[in-house]
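Here are my notes on the charged and aromatic side chains, in the order I'd go through them on screen. Have the model open while you read.

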Amino acid sequence: MFQGVYTAVITPFRQGKIDYDSYFKILENQIRSGVAGVVPCGTTGESPTLSYEEHKELIQKTVKVVAGKIQVIAGTGSNSTKEAIELTESACADGVDGILSVNPYYNKPTQEGMFRHFTEIANVSSKPVILYNIPGRTNVNLLPETVARLSAHPQIAAIKEATGDLGQMAKVIAATPSDFDLLSGDDNLTLPVLSIGGRGVVSVVSNLFPRACVDMVSLYLRGDLEASKKIYYKLLPVFINAFIETNPIPIKAAMSWFGYCENELRLPMTSLSEGSPADAFKKTVFQLKEEGIV
């Protein structure tokens, strides 16, 4: 159901408001590049700083512009089960193809608390639910045993795994049905995750290099490992440097360098710090653009 490259799309801002002109151009580029789908209102889209009205509007406009050409997986997570349910119901009504629901953050629930949280969301969702496990941001780890329990729910179809732990991901794959999809939540682990049975990646770097990321995953899935590895190692410095500061600070800077948007973030996120790491990142992405890795 979920396979390939899904871009965790940035939310461009201009003078404090969502810059829809830039956003629509980014979406059109994603469609042309052949990504499987886009994920609006995720962490990369600065969802914690979006108002409830902006969140709903952004998803509505994304569905309208995409018009079924690729999948739209709406970020609808919250640390409040009630709020996550409301966002999920709204996104489903707007015609998304799936919803992405992150671990409840800050309140640090138990495994049973997370099981019940995601079950309640899935009970009201008319679209497939993708779990999102990212302990580095949420301070709770959705364990393989809990994922296995959740995978029995007919609406829970996949997980975005961002633990960075291939061993845990392998346990998830082993413990869940064959039609339960695991997507990498880390660009730099895309090929390792595919090698253990993952189906693709929810990518940050594909904001900037969508075609290259699509080719990398498609070649691997077709069995051309060497060609896939060639692209992977070309992109690896970008995969690493895209996280020299908290996501989406580096990728938004890079998108601004190439004219996709203004380098404007909402507090508490700030622009990429000046200095050698940023300079090295900029040099790398411009070099790859010059080489035609687009």
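1. Start with arginine 199, which at 23% relative accessibility counts as partly exposed. Bear in mind that this is a predicted model. Arginine 199 forms a salt bridge with aspartate 181, and the closest N and O atoms are 2.4 Å apart. Arginine 199 is in the loop between helix H8 (190-195) and strand S10 (200-203), while aspartate 181 belongs to strand S9 (residues 181-184), so the pair ties together parts that are 18 residues apart in sequence. Aspartate 181 itself is buried, at 0% relative accessible area.

2. How many salt bridges does the count come to? The count comes to ten. One of them joins glutamate 46 to lysine 252, with 2.6 Å between the closest N and O atoms. Here the loop between strand S4 (37-38) and helix H2 (52-66) supplies glutamate 46 and helix H11 (residues 249-257) supplies lysine 252, so this bridge ties together parts that are 206 residues apart in sequence. Both glutamate 46 and lysine 252 are buried.

3. Next, look at arginine 149 and glutamate 112, whose side chains meet in a salt bridge at 3.1 Å, N to O. Arginine 149 is partly exposed at 42% relative accessible area, and glutamate 112 is partly exposed at 37%. There's also a network of salt bridges linking Arg14, Asp19 and Glu262.

4. Lysine 160, in strand S8 (residues 156-161), deserves a look of its own.

5. On to the rings: a search of the whole structure finds eight aromatic pairs. The rings of tyrosine 232 and tyrosine 233 have centres 5.1 Å apart and planes at 80°, so that pair is edge-to-face. Tyrosine 232 is buried, at 8% relative accessible area, whereas tyrosine 233 is exposed, at 53%.

6. Last, rings and charges together. Tyr20, Tyr23 and Phe24 form one aromatic cluster, and lysine 61 lies over the face of tyrosine 20, 5.1 Å from the ring centre. Over the ring of phenylalanine 258 sits the charged end of lysine 289, 5.2 Å from the centre.

Methods. Residues numbered from 1 in each chain as written. Predicted model: local features only at pLDDT ≥ 70, side-chain atom pairs only at ≥ 80, totals over all residues. Heavy atoms only, no water. Helix = DSSP H or I, 4+ residues; strand = E, 2+ residues; numbered from the N terminus. Phe/Tyr/Trp six-rings, centres within 6.5 Å; stacked < 30°, edge-to-face > 60°. Buried < 20%, exposed > 50% of the residue type's maximum accessible area, 1.4 Å probe, protein only. Lys NZ or Arg CZ within 6 Å of the ring centre and 35° of its normal. Salt bridge = Lys/Arg side-chain N within 4 Å of Asp/Glu carboxyl O.
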